[in-house]
Amino acid sequence: MNFKFTTAGESHGKALVAIVEGLPAGMPVDVEKINHELWRRQQGYGRGGRMKIETDRIEFLSGVRHGKTLGSPVTMLIENRDFVHWTEIMASETLETAPKNPRVVTRPRPGHADLAGGQKFATRDLRDILERASARETAARVACGALARQLLENFGIEIKSHVIKLGPVPATPLVKNWDEIAALPADSMLNCADPEIEERMVALVDEAKENGDTLGGIFEVVAKNVVTGLGSHTSWAEKLDGRIAQAFMSIQAVKAVELGEGVANAQRFGSEVHDEIFFDDRNFKRKTNRAGGLEGGITNGEELRVRGYLKPIATLRRALRSVDINTKQEDSAAFERSDITAVPAAGVIGEAMLAIVLANSMREKFGGDSLAEMLANFRGFQESLENY
Ligand code: EPS
């Protein structure tokens with residue numbers, strides 16, 4: 001069975017819900033590890049006032065019994081603490097009297113889903129759009145990713161992320177190895193593995209804040225100990241790089257995805273790009289990994305390296321010009337509250353999405369209804385690799 005997930009919930013609604021299908025039965029589940037990932041997603045210098053309100057934690061509603069998966073759909077609930085301030089505005093029932101301050105949104109933010117979504121769904125309250133377009137939804141994805149990650153741990157796969165560029169700092173994205181990324185403390189300011197660069201990034205966030213502006217940047221997700229042979233060259237939809245790109249592009253504000261050194265490689269000669277193959281009496285090896293761990297849409301046993309490029313957050317305190325959808329008069333875009341940047345959080349979300357894509361590929365390749373059966377299939381394939 002494939003690893004599948006779905007999320008539901010509005011940003012200021014009662015709660016977020018996630019349903020995960022396709023986990024094998026008998027998999028130990030650590031709820032505190034899931035909550036830790038949720039906490040990580042809420043960190044980072046430059047987050048706004050909302051993160052002071054929320055302390056995201058999951059509650060299992062199904063699929064887990066006595067600390068282990070049952071093989072049935074796993075349902076998780078994350079409460080929106082902010083909901084208490086929005087009970088009328090976000091009420092599911094029809095209200096007899098309109099709220100005193102209905103907070104109807106009519107001035108779409110350039111760069112946000114507001115206007116295109118309002119036109120598409122024929123609503124004149126753009127809150128109907130922004131509530132679901134909001135990156136609040138990613139809390140639920142991170143919970144799903146944390147379950148995927150717990151599956152992958154049984155196969156030795158580890159996933160980490162770091163911030164390699166914030167706005168224009170540094171001029172070229174940072175290059176860091178696994179150990180440098182792994183050494184980053186969980187409560188680091190911007191999850192950047194170069195302290196001097198991080199200081200400059202922090203100053204840049206302060207500058208943006210002062211100016212009522214926002215920032216984007218680049219995060220990199222790295223997965224270690226990924227078995228050779230996930231994904232396939234045989235059909236477009238099976239190619240793992242395509243699936244990873246789709247998963248990353250679905251993260252709010254991500255506008256480009258890069259595998260390995262994909263962007264730089266396009267500007268080099270082939271002799272400077274492709275990772276030469278060696279053999280060290282047991283294994284095939286590479287001395288470089290410019291491909292980022294994928295060739296022909298198949299994992300090649302090297303580290304997977306995926307970069308997500310984020311545009312700056314669309315909600316600016318110094319609002320950009322827009323038009324009121326009712327009066328058609330020029331006006332500044334709506335602003336209530338916003339983050340200045342969320343690149344470190346996006347890295348955590350990228351980790352979750354990569355974990356989800358890999359968990360799905362592992363389920364496809366190694367199947368099994370129980371974790372024990374899946375592990376046995378995995379070991380069998382590893383043996384065949386050793387004898388190749
Ligand atoms: C978001 C706007 C802000 C962010 C939010 C995403 O929320 P609010 O409108 O409540 O101030 O904090 O992100 C989260 C709530 C979160 O959990 O990441 C947006 O418009 O996308």
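Student: Which residue has a side-chain N or O atom 2.8 Å from an oxygen atom of the ligand?
Tutor: That residue is Arg136. The pair falls under the term polar contact, meaning N or O atoms within 3.5 Å; within protein, one atom must be able to donate a hydrogen and the other to accept it, and residues adjacent in sequence count only if both atoms are side-chain atoms.

Student: Which other polar side-chain atoms lie 2.6 Å or 2.7 Å from a ligand oxygen?
Tutor: One belongs to Arg41, at 2.6 Å, and another to Arg50, at 2.7 Å. The protein covers 88% of the 460 Å² of accessible area that the ligand has on its own. Such areas come from the Shrake-Rupley method with a 1.4 Å probe, and for residues only the protein chains shown count as cover.

Student: What sort of model is this, and how are residues numbered?
Tutor: It is a predicted model, in which local features need pLDDT of at least 70 and side-chain atom pairs count only at pLDDT 80 or more, while totals for chains, interfaces and linings use all residues. Residues are numbered from 1 along each chain as its sequence is written, and side-chain values use heavy atoms, with hydrogens and water left out.

Student: Moving to H1, which of its residues are buried?
Tutor: In helix H1 (residues 31-41) they are Ile34, Asn35, Glu37, Leu38, Arg40 and Arg41. Buried means under 20% relative accessible area, exposed over 50%, and partly exposed in between (1.4 Å probe, protein chains only). Helices (H or I, at least four residues) and strands (E, at least two) are DSSP runs numbered from the N terminus.

Student: What do those buried residues pack against?
Tutor: They pack against strands E3 (58-62), E6 (74-79) and E7 (158-166), and against H5 and H10. At the start of H1, a side-chain oxygen of Asp30 reaches to within 2.9 Å of the backbone nitrogen of Glu32.

Student: Where is Arg149, and why does it count as buried?
Tutor: Arg149 is part of helix H5 (residues 138-153). Arg149 counts as buried because its relative accessible area is 13%. Its side chain makes a polar contact of 3.3 Å with that of Glu37. Beyond neighbours within four places in sequence, Arg149 is in contact (heavy atoms within 4.5 Å) with Glu37, Arg40, Ile159, Glu351 and Ala355.

Student: How many residues does the largest nonpolar core have?
Tutor: It has 77 residues, and those with the most contacts inside it are Met76, Phe219, Ile244, Leu354, Leu358 and Met362. A nonpolar core is a set of buried Ala, Val, Leu, Ile, Met, Phe, Trp, Tyr and Cys residues joined through side-chain atoms within 4.5 Å. Helix H10 (residues 343-366) gives the most to this core, with 14 residues. A second, separate core of five residues includes Val105, Leu126, Leu130 and Ala334.

Student: Now the loops: where does Ile340 sit, and is it buried or exposed?
Tutor: Ile340 is in the loop between strand E16 (330-332) and H10, and at 13% relative accessibility it is buried. Leaving out residues up to four places away in sequence, Ile340 touches Gly46, Val205, Ala208, Lys209, Asp213, Thr214, Leu215 and Ile313.

Student: And where is Asp213?
Tutor: Asp213 occupies the loop between helix H7 (195-210) and strand E8 (217-224). Asp213 is partly exposed because its relative accessibility is 27%.

Student: Which peptide bond is cis?
Tutor: The bond from Val169 to Pro170 is cis, with omega near -10°. Pro170 belongs to the loop between E7 and helix H6 (178-182).

Student: What is phi at His66 and at Asn191?
Tutor: Phi of His66 is near 50°, and that of Asn191 is near 55°; each is a positive value in a residue other than glycine. His66 is exposed, at 71% relative accessibility, whereas Asn191 is buried, at 14%.
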